[in-house]
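These are my notebook entries on one model. I went through it by topic and wrote down what I looked up.

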Amino acid sequence: MINGLHILPHCDVHFDPSPLIFTDYFTMMSFRPPPPEGHKAKAREKMSQWARKRQRNGNPIDSATSSTAAVIVDARPPESALKFRPPSPAPAAVAASSTATASIPPPIPNGFNDSASADVILHLYIDNSPFDSGSENAAVPSNQSAEVLVHVHSEKLLRAKYFDALLSDRWNGEGGSDRAAAEKPMKLNLGVATSVGSMRTHLMAIRLLYAVDFSGTINCPMVAILLLPVALKLLFEDCIQHCVRFLEAVPWSEEEEQRVLSLIPLLGKDEAEMLLARVLPRKLNSCEDMLHGLIMTAIHNHPNIAAVKPFVSRLMRDFSSWDSARRVLEKAFLKCLKDVKQALEEYSSPDLRGNQNETEAIQRLNLHGCLSNGKQLVWLVERMVELRVAELAVNEWSKQSQLALDLHRAFREDAWRNIVPGLPSVILKCTSKLADAVVSGIVLADAQVRKKLVEDWLPVLIVCKDSLLPNHKAQQMPSSKSVYVELEEAFLKIISTLPMADSQELLRQCLSFSTRDYEDCPHLIAGFNTWFHRATRLPQTS
């Protein structure tokens, strides 16, 4: 006996801190030895009552494994746990190794492993279950002892319902045992699966039977993950509850989360729901709801929009579901487009029945709302083009003849100049992004869609360009291309893709692109040259 711990001959006792490795569901189930066959009726009845109580809770994952006790009651071990199993000869792999001192504290008077006061000798031995990986003759790992004897107290063992059932006949004086026999140390066997670290974890669970506060031992997720199957095996409810509460409250690593998921089917309904709420979504489209909320926060509500928008853009680029990203962006685009249209409609048709000052203030708010939502619309279009999901945006933009007409009418007035001077640039930038997507083939739009896109928005481009003062116009045309020139080039390229009759009509409206210097509008020259070159061909005949 070393520090109060009995080490059987030829046993190498070493407690490895490495975690248990549960190879499959059956390995976990092999951790749960049932009450012995042929045990007293009262013990079986006590276990059955507890099993039925846990079964009533059910399990949301796997009804077949919802009750720990149900498995224990139904299974049949080869020998009685109450029949003391004498130490067996050590396996060859262990016999060759030297006996090591177990890393366990010295015995505590009237506590764990105190041979002077203990009334139960617990024999832990490696049990090669048929469901364990390996055969019956599999060698015991060198870092794990094959058999260990510990001295424990029956009143502490009763905290675990497994031991409570085994000891029930003894305390009721049944089975023909007299008082003198009852006072002698009782011997119990407890099989331990051959998983690495299993002996250490079982000893830790047995020591916790003496503990009131488990926080000193269960202080990290991996400890709780390793202890939970053993606590389920021993029906140690206090330990089960503490492990589940601890796992529910602390963060997990990716590996720990996978292990927790593998343990959930073994828990009852209440314990499983605590963990399932953390790892399973409530509905199927949770990702889309989350992404849509992030987009709307980024474009409307967040105070630091300049920093948030790039972050949300990166999330969408890395998002695993292309269809989900498309649906979320389309939903946000339609919402912003609706807000732009509503603000412009209210500006174009003001309520003149009130005070003039109030009417002007409302008009300013409507223009600012149109500008703000227009900027968000540009950002959304950029994301849709980037992810190549801009088909709906192009189709919807080509149908906005009334919006284009309201903008054309608003830009012909002077009110917007002092209120929202940047509004024309925002509207034309959005149109330019969509037109470029059509030109580059990112969006394969039908001929009618391409025609409507140019037909409705070309007048807006012309009125925005013509409304600029000469000096302002010069500032807007630096050496680098402005949004006006970019949109002109995109429109001319789209016109070149239309039937000859349609392109002839639209090219006439493009004369406003011309400048006094013939060389300053090469895109316009190229557009007309292309059309005239095609017109010189012989007409198509039947």
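**Entry 1**

I began with G191, which counts as buried at 12% relative accessibility. For this term I took buried as under 20% relative accessible area, exposed as over 50% and partly exposed as in between, with a 1.4 Å probe and protein chains only. The model is predicted: local features need pLDDT of at least 70, side-chain atom pairs count only at pLDDT 80 or more, and totals for chains, interfaces and linings use all residues. Residues are numbered from 1 along each chain as its sequence is written, and side-chain values use heavy atoms, with hydrogens and water left out.

I located G191 in strand β4, residues 186–192. Helices (H or I, at least four residues) and strands (E, at least two) are DSSP runs, numbered from the N terminus. I then looked up what G191 touches: Y125, D127, H202 and K233, not counting residues up to four places away in sequence. Contact here means heavy atoms within 4.5 Å.

**Entry 1: the chain as a whole**

I noted 25 helices and four strands in the chain. Of its 542 residues, 47% count as buried. For contacts with a separation of 6 or more, I found that residues 24 or more positions apart account for 79%.

I placed V438 in helix α20, residues 423–439. V438 counts as buried, at 9% relative accessibility. Leaving aside neighbours within four places in sequence, V438 is in contact with V394, V443, A445, R450, L453 and I494. I also looked up V438 and A490, which are 52 residues apart along the chain, and their C-alpha atoms are separated by 8.7 Å.

E488 is in helix α23. Is E488 buried or exposed? I have E488 as buried, at 1% relative accessibility. Again leaving aside neighbours within four places in sequence, E488 is in contact with L461, K465, F513 and H523. From E488 to I462 I have 9.5 Å, C-alpha to C-alpha, at 26 residues apart in sequence.

**Entry 2: aromatic rings**

I listed six aromatic pairs in the structure. Rings of Phe, Tyr and Trp (its six-membered ring) pair if their centres lie within 6.5 Å; planes under 30 degrees apart count as stacked, over 60 as edge-to-face and the rest as tilted. Y162 and F163 form an edge-to-face pair, at 5.4 Å centre to centre and 65° between the planes. Both Y162 and F163 are buried.

W397 and W457 form a stacked pair, with 4.5 Å centre to centre and 5° between the planes. W397 lies in helix α17 (residues 391–397) and W457 in helix α21 (residues 447–466), so this pair ties together parts that are 60 residues apart in sequence. W397 is buried at 1% relative accessibility, and W457 is buried with a relative accessible area of 1%.

I also looked for a charge over a ring, which requires NZ of Lys or CZ of Arg within 6 Å of the ring centre and within 35 degrees of the ring normal. R278 lies over the face of W252, at 3.7 Å from the ring centre.

**Entry 3: positive phi**

Most residues other than glycine have a negative phi. I noted N113, with a positive phi near 65°. N113 is in the loop between α4 (92–95) and β2 (120–126), and counts as buried at 2% relative accessibility. I noted R388 as well, with a positive phi near 60°. R388 sits in the loop between α16 (356–386) and α17, and is exposed, with a relative accessible area of 51%.

**Entry 4: cavities**

I used a 1 Å grid over the protein atoms alone, where a cavity is a set of points where a 1.4 Å probe fits but cannot get out, and lining residues have an atom within 4 Å of a point. Grid points are joined across faces, edges and corners, and a volume is the space filled by probe spheres set on the points. I count two cavities of 30 Å³ or more. The largest cavity holds about 50 Å³ of space.

Its lining is L492, I495, S496, S503, L507, G527, T530, W531 and R534. The elements giving two or more residues to this lining are α23 (483–495), α24 (500–509) and α25 (522–535). Which element gives the most to the lining of the largest cavity? I find α25, with four residues.

Definitions and conventions. 1 Å grid on protein atoms, 1.4 Å probe; cavity = no way out; pocket = protein on both sides within 12 Å on 5 of 7 lines; lining within 4 Å.
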